[in-house]
Amino acid sequence: MRRDFYLPCFLACLSIVHWSHSALVRNSTSSQVSTRPRHGLGVKGQVLHRSKRGWVWNQFFVIEEYTGPDPVLVGRLHTDLDSGGGKIRYILSGEGAGTIFVIDEKTGNIHATKTLDREERAEYTLMAQAVDRLTNKPLEPPSEFIVKVQDINDNPPEFLTGPHHATVPEMSNVGTSVIQVTATDADDPSYGNSARLVYSILEGQPYFSVEPQTGIIRTALPNMDREAREEYLVVIQAKDMGGHMGGLSGTTKVTITLTDVNDNPPKFPQSVYQMSISEAAAIGTIVGHVKAKDPDIGENGMVSYRIIDGDGQDFFEITTDSQTQEGVIKLKKQGLDFETKKFYSLKVEAANIYFDPRFVSRGPFKDTATIKISVEDADEPPVFSNSIYFMEVNESAPAGTTVGQVHAMDHDLGRSPIRYSIEPHYLDRAFTINAQNGIIKTAEPLDRELTEWQNISVIATEVNSQLQSSRAQVAIKIQDVNDNAPEFANPYEVDMCENAKTGKLIQTIHAVDKDESANGPRMTFSIAPNPNFTITHSTGHTADIKVHRGAMSRRKQEVYLLPVVISDGGVPVMSSTNTLTIRVCSCSADGSVQSCNAEPLTLPAGLSTGALIAILTCIIILLVIVVLFVTLRHQKKEPLIVFEEEDVRENIISYDDEGGGEEDTEAFDIATLQNPDGLNGFLPRKDIKPELQYMPRQGFCTAPNSVDVDDFIKARLQETDCDPTAPPYDSIQIYGYEGRDSVAGSLSSLESATTDSDLDYDYLNSWGPRFKRLAELYGSKETCEES
């Protein structure tokens, strides 16, 4: 209400001042001026002449938003030619003339008839002219003048954008600029204080302040902590009239968010952590998690972990989970043993990855904690004293000989007894093991020459827990004994010339011994006394066979079998007798072998004539047999019993078709029954030649285009039954059609009414309407005659 009271008062005062000013101007500048020249004395006796002056114009003003009851007087036009009496008429033209601005033709007073708004239009350009009322001739040239709309404070300041969002780092210094807000005022900035704005803060103190002239918002408190409060709402007011009473105002909201800085070090919530892990855990098993809390966010809150001390550094490691920022403790090495060491200790450090030197005074941005890890006892499998056992046994050892012993122990607190067994996949079964003490014995005789090493897998299983077992490999070496005699390395067959000279080397033989060198060296070769050959020991494993007496005759003896005895130097001595085959051959003068057979040296090149004839005879006989067999296969056999030709009439051909009723025009075509011969009602029989010509009655002729199948069939049936020249023969006429609800059922012409029969079918009349038609056909012979 106060505003509504002050504004009219202000406008009234302003109008009075403006009117007084306009009147003063008009009286001093636009009043009548004499059109005649006036004379006066000037300096040094000069006569001064004042020229005739027409109109003197200044800008006219009118207050905007005037809402008074009378039109506003803008100004008055007057010329010095106007002496009164109403002889001069004033004319106003230009922008708004006649609508917004009107002029009194007699007095020249200009009034504004409408309320003006400076913000819509600030000034109007008008044209004034004085003309003679009687002749309508211009008395002076037209002149242009401007009417300016004088501003009043009728527009409040406005913030064109908003609400606003701004950020400022936490812990910023006092006076740190946050954001600048700007308001606009549509009033005239060049007139008065209507558009002079002053900014103030209505909400958001004491945290922020605003500069009155620029609208820049700044921090007002030091050490604002994001972790304590992150978001602030600030309300800024812009007021015109320089902020004085009576001015208009507008507001805007600014949401200010504190951004994070690394001003908080990571901190473990507790100094000691207790964890545990099983001694049987695998590598990579997670022992536990630790987390140092850092209230900072983003990269300022990222933490890295490392182990800096402790007796468990060899067995454990710590990594950083990038998602949860936790330290993950894992087992990195096997070897935990509850029976040996039950506790481990680690000292873990958590530190920020990124460091802000501005906050170094707050102390080190890291923290430490102690992790105590206890090793839990697990039901572990038995442990062998050795991972691999090596044993030896002689190959001559009898079954049941002790080879060695394995030993396993359960290190758990329970100390479960151990049961031993051999891996079931061991196929040789040459050894057995005592289930209680682990003693291994032979189960059968061994042969080193077949297998020098035997590898078996022994299983140790806890008696109290069958699932806990372990394995150890046992390698058994079969020691050699001299149980194999030396023998030829290969079977030897030698060709020698019958004219070989004495001392001629026939063959060098090699001997082998399957036993080891300790039991098989120093071989000796010998032969029984022989007048034809001798043997000479060459090296440890070879001997030479030579001719003792030359000029042997192959016709006398073609092949010689020479026994060779080979002995070794083992204990006991082993020997064997091997046979060397020597063939006597015919040789040329230079010693080349020509023939080693008893037959003549030359044989006939071809077969005899008798042999060729016998072979050809056999081939011809075979060909004849094949031809006869094929001919018999292709010959058609005649039947033993000749049957008479079958009577075609005794063949019954059945078509298992059922029509779809009279409406079924697709399943049955009546045209097939209407042949040209039957159009006149006469169908000649094709099986016999009729003796008499039968003239059918005209009444039974069916139209060619008739579609009444029922009538057509009845007509044909009647003609067939009453035709004396066509008695029924062994031919069957079948009409595969079922009519509309026929009371006679199916029709048949197997026997006609003219056929003689000893049977009486009159009883069919008593069977009902369905047998009426049969009773008419077979019950009485007068039916056909009557029809």
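Predicted model: local features only at pLDDT ≥ 70, side-chain atom pairs only at ≥ 80, totals over all residues.
1. Valine 571 is exposed, because its relative accessible area is 73% and the cut-off for an exposed residue is over 50%. Valine 571 is found in the loop that runs between β39 (559–567) and β40 (575–587). Although valine 571 and asparagine 482 are 89 residues apart in sequence, their C-alpha atoms are 6.4 Å apart in space.

2. Asparagine 532 belongs to the loop between β36 (524–527) and β37 (533–537). Is asparagine 532 buried or exposed? Its relative accessible area is 9%, so asparagine 532 is buried, the limit for that class being under 20%. When neighbours within four places in sequence are set aside, the contacts of asparagine 532 are Lys546, Val547, His548, Arg549, Met552 and Tyr560.

3. The next point concerns the interior. In soluble globular proteins, nonpolar side chains tend to be buried together. Here the largest nonpolar core has 26 residues. Which members touch the most others? They are Phe268, Val290, Tyr305, Phe316, Ile329, Ile371 and Ile373. Two or more residues of this core come from each of β17 (272–278), β18 (286–290), β19 (303–310), β20 (316–321), β21 (326–331), β22 (343–352) and β23 (366–376).

4. Isoleucine 329, one of those core members, deserves a separate remark. Apart from neighbours within four places in sequence, isoleucine 329 is in contact with Met275, Thr285, Ile286, Val287, Gly288, Val290, Phe316, Glu317, Ile318, Leu346, Ile371 and Ile373. Among these partners, Val290, Phe316, Ile371 and Ile373 are also listed with the core residues that touch the most other members.

5. Helix α3 covers residues 709–722, which makes 14 residues. The buried residues of α3 are Val709, Phe712, Ile713, Ala715, Arg716, Leu717, Gln718, Glu719 and Asp721.

6. Helix α2 (residues 609–634) contains isoleucine 619. Isoleucine 619 is partly exposed because its relative accessibility is 44%. Together with Ile615, Leu616 and Leu623, Ile619 makes a nonpolar surface patch of about 390 Å². An α-helix has 3.6 residues a turn, so residues three or four places apart point the same way.

7. The bond from glycine 162 to proline 163 is cis, with omega near 0°. Proline 163 is located in the loop between β9 (143–150) and β10 (164–169). Glutamine 205 and proline 206 are likewise joined by a cis peptide bond, for which omega is about 5°. Proline 206 is placed in the loop between β12 (198–203) and β13 (208–210).

8. Asparagine 136 is not a glycine, yet its phi is positive, near 60°. Asparagine 136 occupies the loop between β8 (123–132) and β9, and its relative accessible area of 46% makes asparagine 136 partly exposed. Glutamine 325, also not a glycine, has a positive phi of about 60°. Where is glutamine 325 located? Glutamine 325 is in the loop between β20 and β21. With a relative accessibility of 14%, glutamine 325 counts as buried.

Definitions and conventions: Residues numbered from 1 in each chain as written. Heavy atoms only, no water. Helix = DSSP H or I, 4+ residues; strand = E, 2+ residues; numbered from the N terminus. Expected span 1.5 Å × (residues − 1). Buried < 20%, exposed > 50% of the residue type's maximum accessible area, 1.4 Å probe, protein only. Core = buried A, V, L, I, M, F, W, Y, C linked by side-chain atoms within 4.5 Å. Contact = heavy atoms within 4.5 Å. Patch = residues over 30% accessible without salt bridge, like charges linked within 9 Å, V, L, I, M, F, W, Y side chains within 5 Å. Areas by Shrake-Rupley, 256 points an atom, 1.4 Å probe, with all protein chains shown as cover. Salt bridge = Lys/Arg side-chain N within 4 Å of Asp/Glu carboxyl O.
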